[in-house]
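Keep the 3D view open as you read.

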Amino acid sequence: MTFLTELGGVLSPFKNLLFLTGALLAPSLVALVARQVGLGRHFAPQLWGRLGIAIFLVMTASAHFSNPGAMAAMLPGFLPLRIEIVVLTGFLEIALGLAILVPQVQRLVGWAIMAMLLGFLPANIFAALNYIPFGGAEMGPAYLLVRVPYQALLIGFVFWASQTGNRRPRERTKQ
């Protein structure tokens, strides 16, 4: 067995996360390269990072609609209306993904996305502890060794893209 074959086997449960990470980071990476070659201020990495967040959230929301039953299994059985919760959170992801692109509310929406990501973490933990066959959670608790740090990186990326850079200079008051 070759190294690449072994690596592919190890990464297989995470292929969706890898694909989503590419969608999240690609716009910022393009902006960083564009700025390095002198294409100017239209390529602010945080602005393009927000575009990556929008793409990421719309893509993750698609699972809420294409396979709501599997996602509902990630929620504890005592919760009522689990499929409805999954569908509503899909709409929430789309709404926040689009709203992060509006400069006037980007900071507020960034905080809302970070809160949402924190809110989703217990479902991922529940799914992993119960070996729910969705999104890598079938690996069991070992999945959390990737998923929890990944969630932290997502939150950090959202903070970077929504809370830093692109600030208008404040007018100085005369004293």
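## A bent helix

Helix α2 bends by about 40° at L25, and a proline, P27, comes along within four residues. Keep in mind that this is a predicted model. The helix covers residues 15–36, 22 residues in total. From its first C-alpha to its last, α2 reaches 30 Å, close to the 32 Å expected at 1.5 Å a residue.

Which residues of α2 are buried? They are L17, L20, A23, L24, P27, S28, A31 and A34. The buried residues of α2 pack against α3 (45–66) and α7. After α2 comes G38, with a positive phi near 85°.

Most residues other than glycine have a negative phi. Against that background, have a look at L81, which isn't a glycine but has a positive phi of about 55°. You'll find L81 in the loop between α4 (68–72) and α5 (82–99). Is L81 buried or exposed? It's exposed, because its relative accessible area is 58% and the cut-off for exposed is over 50%.

Y131 is another non-glycine residue with a positive phi, near 55°. Y131 sits in the loop between α6 (106–129) and α7 (144–163). At 49% relative accessibility, Y131 counts as partly exposed, because exposed would take over 50%.

Now hop over to helix α5, where you'll find V87. V87 has 25% relative accessibility, so it counts as partly exposed; buried would need under 20%.

What does V87 touch, leaving aside its neighbours within four places in sequence? Its contacts are H64, F65 and P68. Take F65: F65 and V87 are 22 residues apart in sequence, yet their C-alphas are 6.2 Å apart in space.

## The whole chain

Zooming out, the chain has seven helices and zero strands. Read from the N terminus, the elements go α-α-α-α-α-α-α. The chain has 175 residues, and 37% of them count as buried.

As for the surface, the chain exposes about 10,600 Å², and carbon and sulfur atoms supply 71% of that.

Methods. Residues numbered from 1 in each chain as written. Predicted model: local features only at pLDDT ≥ 70, side-chain atom pairs only at ≥ 80, totals over all residues. Heavy atoms only, no water. Helix = DSSP H or I, 4+ residues; strand = E, 2+ residues; numbered from the N terminus. Buried < 20%, exposed > 50% of the residue type's maximum accessible area, 1.4 Å probe, protein only. Expected span 1.5 Å × (residues − 1). Bend = angle between axes of the 7 residues up to and from the residue. Contact = heavy atoms within 4.5 Å. Areas by Shrake-Rupley, 256 points an atom, 1.4 Å probe, with all protein chains shown as cover.
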